[in-house]
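I opened the model today to look up a few local features and to write down what I found. The entries follow the order in which I worked.

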Amino acid sequence: MSDTPSYGFDTLQIHAGAQPDPATGARQTPIYQTTAYVFRDADHAAALFNLQEVGFIYSRLTNPTVAVLQERIATLEGGVGAVCCSSGHAAQIMALFPLMAPGRNVVASTRLYGGTLTQFTQTIKRFGWSAKLVDFDDLDAVKAAIDDDTRAIFCESIANPGGYVTDLDAIGAIAQGAGLPMIVDNTSATPYLCRPFEHGATLVVHSTTKYLTGNGTVTGGVVVDSGNFDWSASDKFPSLSQPEPAYHGLKFHETFGPLAFTFHGIAVGLRDLGMTMNPQGAHYTLMGIETLSLRMARHVENAKKVAAWLEADPRIEKVTYAGLPSSPYYERGKKICPKGAGGLFTFGVKGGYDACVKLVNALEIFSHVANLGDTRSLIIHSASTTHRQLTPEQQEAAGAGPSMVRVSIGIEDADDLIADLDQALAKATA
Ligand SMILES: *Cc1c(COP(=O)(O)O)cnc(C)c1O
């Protein structure tokens with residue numbers, strides 16, 4: 001389908017990037033379960049290897065099923081290109097890889113997915129990279145953290161836990177002023193609720209494991225490029241602006257223009273790091289994405305009902321959901337995520353650690369798992385699981401104190417979810 005901008009989101013989530021299979025007419029996108037592709041002749045092979053012609057060589061780099069998903073997500077985000085990866089964490093490394101070098105840093109929000117905090121504070125040090133974590137509500141602190149070695153600004157649109165919504169416009173303006181790309185992890189919001197490129201983002205990353213697939217079946221990730229960053233405006237991004245020795249001195253930005261980042265991601269990132277999404281995984285995500293808007297609307301509707309019910313319940317200490325008028329992020333949420341603040345929030349239970357443990361044990365519909373963005377409702381008690389290695393102070397700072405649980409509200413009947421919480425809270429606080 002040609003990407004006519006007049007098509008609405010619901011049409012694009014089903015059609016963008018796909019067409020009836022040219023070989024068979026198959027209406028659904030086939031799973032191209034193949035490692036390699038036959039070259040027309042030796043000249044064709046040489047042109048592909050020189051990046052003079054775009055085509056399929058080997059599925060570590062490109063695959064037709066994965067390519068449909070890449071175009072689908074790029075279109076939904078309003079970007080020019082996308083590179084799918086084996087997981088959300090792989091996508092984050094793939095986003096940083098062309099920008100960073102030993103000694104360089106990324107300025108990142110203190111409020112990030114726990115796994116991202118570990119990746120940024122521990123693992124990237126092995127590459128000689130570092131992360132400077134600051135409170136992204138303190139714009140002066142963000143500006144002050146940027147130095148000559150900073151190569152990117154990183155945050156989440158809606159950060160869990162805590163229902164925190166980032167002021168993407170303000171952070172985007174700071175990034176632009178400093179000549180740096182802003183990378184936004186849009187996993188919790190999805191392009192249905194938030195379109196970071198409209199708020200100054202250069203790159204968007206997703207864990208497609210979550211809402212984009214939507215049913216807890218496969219891990220995957222994606223890096224989407226807005227195509228609007230001038231990589232040659234400074235000498236800060238030599239991987240994109242300077243000659244690439246592994247391609248006979250080709251300059252990605254000069255050669256591919258707005259697609260420079262995407263081509264680099266495939267031709268260097270996937271080629272050498274190999275964090276490739278497989279076609280079977282892409283298929284599951286393509287199936288999920290067809291109903292993204294329907295699911296997100298229901299996730300939001302249910303989250304609002306459940307959060308409001310919990311907030312009014314005397315057994316509950318507090319509810320942190322940006323979709324509640326009582327939230328400090330309510331107004332900002334309406335601006336950044338106009339269709340709703342997502343399906344993820346935390347709440348505090350009177351009775352602390354013991355009551356939370358009893359609550360997760362007593363729930364029948366909610367599953368106790370370390371995942372989010374599933375059709376089914378999920379709950380996790382962070383202090384006894386994902387955050388148990390942290391000190392009590394660190395747990396509080398992360399919004400994961402002993403009395404807090406995090407829920408990912410599914411698309412079941414909201415009344416059933418409320419009844420389940422009601423019966424489990426009765427047992428937990430008896
Ligand atoms: C899950 C998640 C990730 C990591 O994604 P994986 O697919 O598990 O590697 C990154 N960011 C956010 C916001 C997530 O929820």
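This is a predicted model: local features need pLDDT of at least 70, side-chain atom pairs count only at pLDDT 80 or more; totals for chains, interfaces and linings use all residues.

Residues are numbered from 1 along each chain as its sequence is written, and side-chain values use heavy atoms, with hydrogens and water left out.

I looked up His248 for its phi, which is positive at about 50 degrees although the residue is not a glycine; I found His248 in the loop between helix H9 (238-241) and helix H10 (252-256), where helices are DSSP runs of H or I with at least four residues, numbered from the N terminus. Most residues other than glycine have a negative phi.

Thr190 also has a positive phi, near 65 degrees, and I placed Thr190 in helix H8 (residues 190-193). Is Thr190 buried or exposed? Thr190 is buried (under 20% relative accessible area), with a value of 0%.

**Ligand shell**

I then listed the 14 residues around the ligand (a heavy atom within 4 Å), of which Gly88, Asp185, Ser207, Thr209 and Lys210 come nearest. The shell divides into two nonpolar, nine polar and three charged residues, with Gly counted among the polar ones.

For polar contacts (N or O pairs within 3.5 Å), I recorded a backbone N or O atom of Gly88 at 2.8 Å from an oxygen atom of the ligand. A side-chain N or O atom of Ser207 is 2.8 Å from a ligand oxygen, and a polar side-chain atom of Thr209 lies 2.7 Å from an oxygen atom of the ligand. The protein covers 92% of the 380 Å² of accessible area that the ligand has on its own, by the Shrake-Rupley method.

**Helix H4**

Helix H4 (residues 88-96) gives the most to the ligand shell, with three residues. Eight of the nine residues of H4 are buried, so the helix is largely enclosed by the rest of the structure; among them are Gly88, Gln92 and Leu96. At the start of H4, I found a side-chain oxygen of Ser87 within 3.4 Å of the backbone nitrogen of His89.

How values were computed
A polar contact is a pair of N or O atoms within 3.5 Å; within protein, one must be able to donate a hydrogen and the other to accept it, and residues adjacent in sequence count only if both atoms are side-chain atoms. Accessible areas come from the Shrake-Rupley method with a 1.4 Å probe; for residues, only the protein chains shown count as cover. Helices (H or I, at least four residues) and strands (E, at least two) are DSSP runs, numbered from the N terminus. Buried means under 20% relative accessible area, exposed over 50%, partly exposed in between (1.4 Å probe, protein chains only).
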